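Good morning, and thank you for joining.

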Amino acid sequence: MTNQAGGGRPPPPPPSQSYAGLLSELMTNTLDADYEVVASRRSAATGASPQGESGGDPRSGWSNRAGIVAAVTAFGVLVGVSAVKTAQDQPQATAERAQLIEQIEAGQARLDDLHGDLSALQADIGRRQQEQAGEASAASRRTDDLQHLAMSAGTAAVTGPGMVLNLDNARHAVPGAGGLILDSDVQALVNGLWVAGAEAIAIDGHRLTALTSIRFAGQAITVDYRSLTPPYVVEAIGNPDTLPSRLLETQGGQLWLGLRANYGITFETQTESTITLAGDAYNNLLWARPVGSR
Amino acid sequence: MSDDAKRRSAQLVVAVLLALLGFAAAAQIRLTHQDGSYAGQRREDLIELLDSLAAAAERTQKQIDELERTRSDLLSSSERREAAVEAANEQLAVLGILAGTLPAEGPGVTVTITDPSGAVTAASILNGVEELRDAGAEAIEINDRARVVASTAFVERDGVVLVDGHELRPPYVLDAIGSSHTLSEAVIFPGGLADEVSRLGGEVAVEEAAVVEVGSLHPVDPPEYAQPTDE
């Protein structure tokens with residue numbers, strides 16, 4: 001680079017032969033020279049340049065600006081259209097996706113409902129099963145109670161060891177002569193059997209219950225309103241080892257020993273290892289009810 | 001054109017661009033936001049999830065159907081059981097009254113036997129009980145202490161009447177539940193209890209009542225020799 005000395009002169013034109021020079025000229029002077037040329041040309045053409053260097057041709061400024069605006073606007077429109085397009089396209093692309101998600105959410109809600117139903121059902125069944133287990137054990141207790149009560153009341157068939165008594169009027173007995181078996185005789189005998197520890201008694205197959213009456217009608221004993229014909233068979237379940245001897249110690253037993261000895265009435269006893277007595281078929285009670293049941 | 005106008009138009013362009021950018025961004029965010037917790041999942045994942053949900057729902061529904069059948073079985077069996085329980089309870093009430101384990105009440109009579117001379121025997125009382133049974137008495141007790149059941153034993157020891165071990169003293173008061181008219185007729189029937197007691201120097205008074213309570217109980221001990229049959 002040369003530096004020529006000279007006063008008042010504008011900077012000499014830069015050397016144009018070197019790349020470094022060109023680059024620095026571009027950096028430093030850029031368009032200045034061109035603008036000067038254009039400006040001088042313009043002032044020459046109009047004769048005046050009121051707008052000075054910064055003015056320039058309005059038309060050429062407008063077209064420049066219009067280009068920029070157009071480009072920027074086009075860019076903006078592109079971005080906008082793309083955004084709108086995306087916004088429009090995306091629902092289409094995700095319409096299915098949104099629908100899927102909706103279905104999934106509905107499916108999960110339904111599954112939750114079903115699980116709720118299921119656990120409610122399981123709880124309900126568990127409760128009922130527990131209830132029924134309680135009922136079943138109550139029912140089995142009730143069955144035991146019923147069985148004991150029915151055996152005791154004489155309504156259930158029972159079997160066990162005991163004794164059998166054969167009773168008959170005296171031969172050629174006539175009323176009033178003492179050879180006939182009276183209801184009070186049978187009552188006394190049965191009472192004696194209960195005293196001696198009998199657990200169940202039947203006369204001629206009729207099981208005795210709390211309702212059974214032993215009466216005398218005409219010439220015969222009636223048990224439970226049914227007239228029996230002698231000989232009478234009395235069966236009693238109890239300890240076969242003690243029942244006969246204890247019976248004879250009772251007033252009823254003593255009575256019958258006297259009847260046999262004094263009037264020729266038949267009074268035979270024997271023990272049995274197995275006696276089976278049917279239960280008395282009973283109807284519901286007509287008058288009596290448990291206290292507080294009504 | 002002035003600098004002001006230029007600045008305004010430039011600002012306008014920037015404003016429009018920013019508005020478009022904001023719109024696009026908002027649209028994008030809105031769409032993204034809709035996905036919620038499924039944002040990261042592919043369409044295939046979603047379909048698979050939906051399928052497995054449907055399968056799970058079907059399994060659960062099957063379980064529910066099964067349990068509902070179980071429950072309806074339980075319900076009908078519990079209805080049957082309730083009917084059986086009701087029948088059993090009725091039977092228990094009847095048997096409890098017959099066996100003397102339940103207090104009973106109902107119409108009936110109160111028979112009072114006075115015995116100033118002490119001549120009334122256990123046999124007389126047993127005879128009276130038989131008369132009441134014959135007249136359809138369903139529950140009987142004596143002196144509010146001795147419940148008369150099938151196996152009730154009447155014993156006389158040293159002039160004292162024992163009914164199932166209860167020492168009874170006159171007057172003997174028999175409460176009997178049944179048809180009050182029939183029961184009272186039976187007691188005063190010629191040749192019946194009233195006649196017998198008056199022959200012994202006592203007196204019998206019968207009082208009919210709309211409600212007689214037979215409150216004493218007879219304990220039921222399990223039998224030692226009698227066993228239930230298999231029928």
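How many cavities of 30 Å³ or more does the count come to? The count comes to 3. On a 1 Å grid over the protein atoms alone, a cavity is a set of points where a 1.4 Å probe fits but cannot get out, whereas a pocket is an open set with protein on both sides within 12 Å along at least five of seven lines; a lining residue has an atom within 4 Å of a point. Grid points are joined across faces, edges and corners, and a volume is the space filled by probe spheres set on the points.

A word on conventions before I continue. This is a predicted model, in which local features need pLDDT of at least 70 and side-chain atom pairs count only at pLDDT 80 or more, while totals for chains, interfaces and linings use all residues. Residues are numbered from 1 along each chain as its sequence is written, chains are lettered from A and ligands numbered from 1 in the order in which they are written, and side-chain values use heavy atoms, with hydrogens and water left out.

The largest cavity has a volume of about 110 Å³. Its lining has 14 residues, and those nearest the centre are Val190(A), Trp194(A), Glu130(B), Arg133(B) and Ala150(B). Two elements give two or more residues to this lining: helix 5 (183-195) of chain A and helix 3 (122-134) of chain B. Helices here are DSSP runs of H or I with at least four residues, strands are runs of E with at least two, and both are numbered from the N terminus. Helix 5 of chain A gives the most, with 4 residues. By class, the lining of the largest cavity has 7 nonpolar, 5 polar and 2 charged residues; Ala, Val, Leu, Ile, Met, Phe, Trp, Tyr, Cys and Pro count as nonpolar, Asp, Glu, Lys and Arg as charged, and the others, Gly among them, as polar.

The second largest cavity has a volume of about 50 Å³. Among the residues that line it are Ala210(A), Ile97(B), Glu138(B) and Arg147(B). Its lining divides into 8 nonpolar, no polar and 2 charged residues.

I turn to the open space. The largest pocket has a volume of about 770 Å³ and is lined by 33 residues, with Trp194(A), Gly197(A), Ala198(A), Glu199(A) and Ser151(B) nearest its centre. Helix 4 of chain A provides the largest share of this lining, 3 residues. The classes are 17 nonpolar, 9 polar and 7 charged.

Next, the backbone. In chain A, the peptide bond from Pro230(A) to Pro231(A) is cis, with omega near 5°, and Pro231(A) sits in the loop between strand 6 (226-227) and strand 7 (232-237). In chain B, the bond from Pro170(B) to Pro171(B) is cis, with omega near 0°; Pro171(B) belongs to the loop between strand 6 (166-168) and strand 7 (172-177).

Asp204(A), a residue other than glycine, has a positive phi near 50°.

Finally, Val14(B), within helix 1 (residues 3-35) of chain B, is partly exposed at 45% relative accessible area.

Definitions and conventions: Buried < 20%, exposed > 50% of the residue type's maximum accessible area, 1.4 Å probe, protein only.
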